[in-house]
Amino acid sequence: MITYKDAGVDVHAGYEAVRLMKEHVKKTLNDNVLTDLGGFGGIYRLDGLGSEPALVAGTDGVGTKLKLAFVMDKHDTVGIDCVAMCVNDVACQGARPLFFLDYLATGKLEPAKAADIVKGVAEGCREAHCALIGGETAEMPGFYPEGEYDLAGFAVGLVDVPRAVTGKNIREGDVLVGIASTGVHSNGFSLVRKLMMKEDKDLFKKVDELGCTVGEALLTPTRIYVDAVTAMMAAAEVKGLAHITGGGFIENIPRMIPQGLSPRIKKGSWDILPIFDVLKKAGDLTDDVLYNTFNMGIGMVAAVAPRDVDGICEALSELNLKNYIIGDVVCGDGEVIWA
């Protein structure tokens with residue numbers, strides 16, 4: 001059996017790093033900062049504007065998914081991933097993304113390739129209804145191997161403080177609604193590469209279950225959930241939102257749950273995409289590894305009151321987004337409970 005740690009990523013070391021960082025971060029906070037380190041986006045209140053607007057900021061990158069883009073020489077979708085990873089976190093606080101900036105660093109700048117990358121960034125911004133107002137392209141010979149690059153971004157959104165989604169109103173008995181992902185999205189690719197890229201040619205293999213090559217399935221861009229969040233908030237109160245990124249179900253869903261409660265997840269209550277079955281078989285992965293690494297077909301989870309479930313699900317269905325009731329909130333110690 002192969003674990004994520006075998007692939008070079010120790011998620012528990014990451015959790016410990018965040019714990020240690022919090023003490024330093026707290027020293028920089030002021031009265032306008034409304035969230036602690038560990039949320040999906042930082043909320044910063046704007047004073048003196050007559051109401052209660054607050055900025056919500058998020059930053060992220062595409063990660064080692066870029067290695068697949070290098071091998072397949074396909075660069076026009078990773079920009080969507082970059083935008084999605086940032087704006088989805090911002091949307092988790094109930095904010096509307098306002099603008100985005102990108103950072104592209106490479107050993108040797110290839111204009112056509114850079115244009116393809118930024119094309120994807122622009123497409124992601126259009127999907128998220130935010131402006132791409134700037135960025136940085138850094139050519140760093142000797143630092144990155146020729147033909148390779150890194151891509152990261154930064155998003156800022158706006159929310160009215162009374163409407164901010166913080167999770168503080170989540171109660172026992174609330175329902176967890178999962179929204180379908182498009183695939184692996186942009187997390188867990190150190191393990192993916194260990195399983196599926198023993199040789200570069202592995203990405204070009206056609207797999208019947210996928211209906212395409214392995215590489216095509218894995219490069220499917222991350223879904224952007226901005227419209228989904230907007231529709232849900234228009235339909236009913238959304239008490240909490242979790243973007244299922246690094247750490248999968250086990251790490252991310254508890255991040256929106258108040259102390260003394262736990263998310264109870266019912267396995268089998270949603271459609272698991274074929275790519276996850278392919279990954280499971282390739283590494284004989286246990287459920288613990290799968291659900292602590294990947295989104296398993298659910299890219300975002302909303303916590304809502306039972307009376308609001310129908311309205312929320314109807315709003316998502318109108319956007320042609322598959323959605324599922326995947327569990328509820330129960331008394332507990334904060335960890336995921338499997339049903």
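Modeller: One definition first. Ala, Val, Leu, Ile, Met, Phe, Trp, Tyr, Cys and Pro count as nonpolar, Asp, Glu, Lys and Arg as charged, and the others, Gly among them, as polar. Also, keep in mind that this is a predicted model.

Biologist: Okay. How many cavities of 30 Å³ or more does a search of the whole structure find?
Modeller: The search finds one. About 60 Å³ of space lies in the largest cavity.

Biologist: Which residues line the largest cavity?
Modeller: The lining is L104, T106, K108, L109, E110, K113, A114, I117, G147, E148 and Y149. By class, five are nonpolar, two are polar and four are charged.

Biologist: Which element gives the most to that lining?
Modeller: Helix 4, with three residues. Helix 4 spans 111-128, and strand 3, at 96-106, also supplies at least two residues.

Biologist: New topic, pockets. What is the volume of the second largest pocket?
Modeller: About 290 Å³. Its lining has 16 residues, and P162, R163, A164, V165 and N169 lie nearest the centre. By class, that lining has nine nonpolar, three polar and four charged residues.

Biologist: Where is P162 found? And is P162 buried or exposed?
Modeller: P162 sits in the loop between strand 5 (149-160) and strand 6 (175-180). P162 has a relative accessible area of 63%, so it is exposed. The cut-off for exposed is over 50%.

Biologist: Now the core. How many residues has the largest nonpolar core?
Modeller: It has 100 residues. L218, F249 and F294 have the most contacts inside it. Helix 3 (residues 78-91) gives the most to this core, with nine residues. In soluble globular proteins, nonpolar side chains tend to be buried together.

Biologist: What is F294 in contact with, leaving aside its neighbours within four places in sequence?
Modeller: The contacts of F294 include V184, L191, V192, I244, F249, F276, L279 and L285. N187, G188 and G248 are also among them.

Biologist: How many bridges join strand 9 to strand 11?
Modeller: Four, and the two strands run antiparallel. Strand 11 covers residues 298-304. In this pair, G240 stands opposite A303 in strand 11.

Technical notes. Residues numbered from 1 in each chain as written. Predicted model: local features only at pLDDT ≥ 70, side-chain atom pairs only at ≥ 80, totals over all residues. Heavy atoms only, no water. 1 Å grid on protein atoms, 1.4 Å probe; cavity = no way out; pocket = protein on both sides within 12 Å on 5 of 7 lines; lining within 4 Å. Points joined across faces, edges and corners; volume = space filled by probe spheres on them. Core = buried A, V, L, I, M, F, W, Y, C linked by side-chain atoms within 4.5 Å. Buried < 20%, exposed > 50% of the residue type's maximum accessible area, 1.4 Å probe, protein only. Contact = heavy atoms within 4.5 Å. Pairing = 2+ DSSP bridges.
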